[in-house]
Amino acid sequence: MKQEITFIQRKELKEKPEMASLGFGKYYSDYMFVMDYHVENGWYDPRIIPYAPLTLDPAAMVFHYGQAIFEGLKAYKAADGTIQLFRPEKNMKRLNDSCDRLCIPQIDETFLLRAIKQLIFTEKDWIPDGEGTSLYIRPFIFSTEPYLGVRPANQYKLLVILSPSGAYYGDQLSPVKIYVEEQYVRAVIGGVGHVKTSGNYAASMKAQEKAEANGFAQILWLDAKENKYVEEVGSMNIFFKINGEVVTPKLNGSILPGVTRDSVIELLKYWNIPVHEAKISIEEIFAAHERGELEEVFGAGTAAVISPVGELHWNERSITINDNKIGQLSQRIYEEITGIQLGKKGDPFNWTVKVAPVEV
Ligand code: COI
């Protein structure tokens, strides 16, 4: 693969949005990274070019058979102006795991991370520095070959776009209401639930729409076979604090292995707080609540960071968790993770990666 990244300058820069009211994923920076794949060339022509719409053949296979995968990570601006990424090598690795499951050719993880750093450095003025804000990075790959037969495509595009963003759910630490879904399922073991493919999100929308219509922010998915065991929330993994111990569903092949999930587990171990990855039924969660032992529930994800859950609705019952207030542990984890990301706290795990001009 050609390692030189071409740069095409745009004539005029866009006006930056009001950083105080960013919301999530609504604005895009001036440039994007693009690279193509052809079975005869491999990945080729890496370039940073002005952000603009794409032209695609209507027969491009992604429109018909859905070979599309993505990642989500963030760049942070520390108080001293340093730009940091958080465990980006995990996203590169997961991107390749998603490629593998969807029969998309592997990417060079080191090269893509270098390209992302270069793009971020070019776009450093787009990194917001307000409380709870960051530059959301969205790498994605999809099939472009015009062909209507069903098989893995011979042509793909990889793009990285950047979006200055604030909290995913309106107010960062206000507890959300979650609906435990029993009619629809997200993923089955042996399927694609453990990778980040667009179809997982398409499949979730019907239930999400239903939940929102009833005043819930998100769905808590149960396993597809028995409709019994907790899996994940649509945009984050889930944790329960029961009687002083933390439990999160064990990765089973249908749950997404979140980077924030892994970081929460590592932190809890570091703090000597008991944490278990286990198969846990929704019934057990409600029983723990009945015994007065369900102390906190929170979601963890790149976009959502740490999102306390204030209410769970399942089987015509609603339970309120921790008086619908953010729990002490959720708050502590949020502060530690965002503190590390923003360079305000020490980084004992070496999770942060600096984006400096010398590295690009
Ligand atoms: C992320 O947390 O980065 C995600 O990809 C969730 C998303 C679908 C907003």
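How much space lies in the largest cavity? About 90 Å³. A cavity is a set of points, on a 1 Å grid over the protein atoms alone, where a 1.4 Å probe fits but cannot get out. The volume is the space filled by probe spheres set on the points.

This is a predicted model: local features need pLDDT of at least 70, side-chain atom pairs count only at pLDDT 80 or more, and totals for linings use all residues. Residues are numbered from 1 along each chain, and side-chain values use heavy atoms, without hydrogens or water.

Two cavities of 30 Å³ or more turn up in the whole structure. Residues lining the largest cavity (an atom within 4 Å of a point) include Gly 72, Lys 74, Phe 86, Thr 302 and Gln 341.

Now the ligand. Around it (a heavy atom within 4 Å) are Phe 70, Gly 72, Tyr 136, Arg 138, Tyr 168, Lys 196, Tyr 201, Thr 302 and Ala 303. Domain 1 (6-166) and domain 2 (176-326) both give residues to this shell, so the ligand lies between them. The domain bounds come from an automatic or database assignment.

Polar contacts are pairs of N or O atoms within 3.5 Å.

| Residue and part | Distance to ligand oxygen |
|---|---|
| Tyr 136, side chain | 2.6 Å |
| Lys 196, side chain | 2.7 Å |
| Thr 302, backbone | 3.4 Å |

Taken alone, the ligand exposes 290 Å², and the protein buries 91% of that (Shrake-Rupley method, 1.4 Å probe).

Note on methods: Polar contact = N/O pair within 3.5 Å; in protein donor to acceptor, adjacent residues only side chain to side chain. 1 Å grid on protein atoms, 1.4 Å probe; cavity = no way out; pocket = protein on both sides within 12 Å on 5 of 7 lines; lining within 4 Å.
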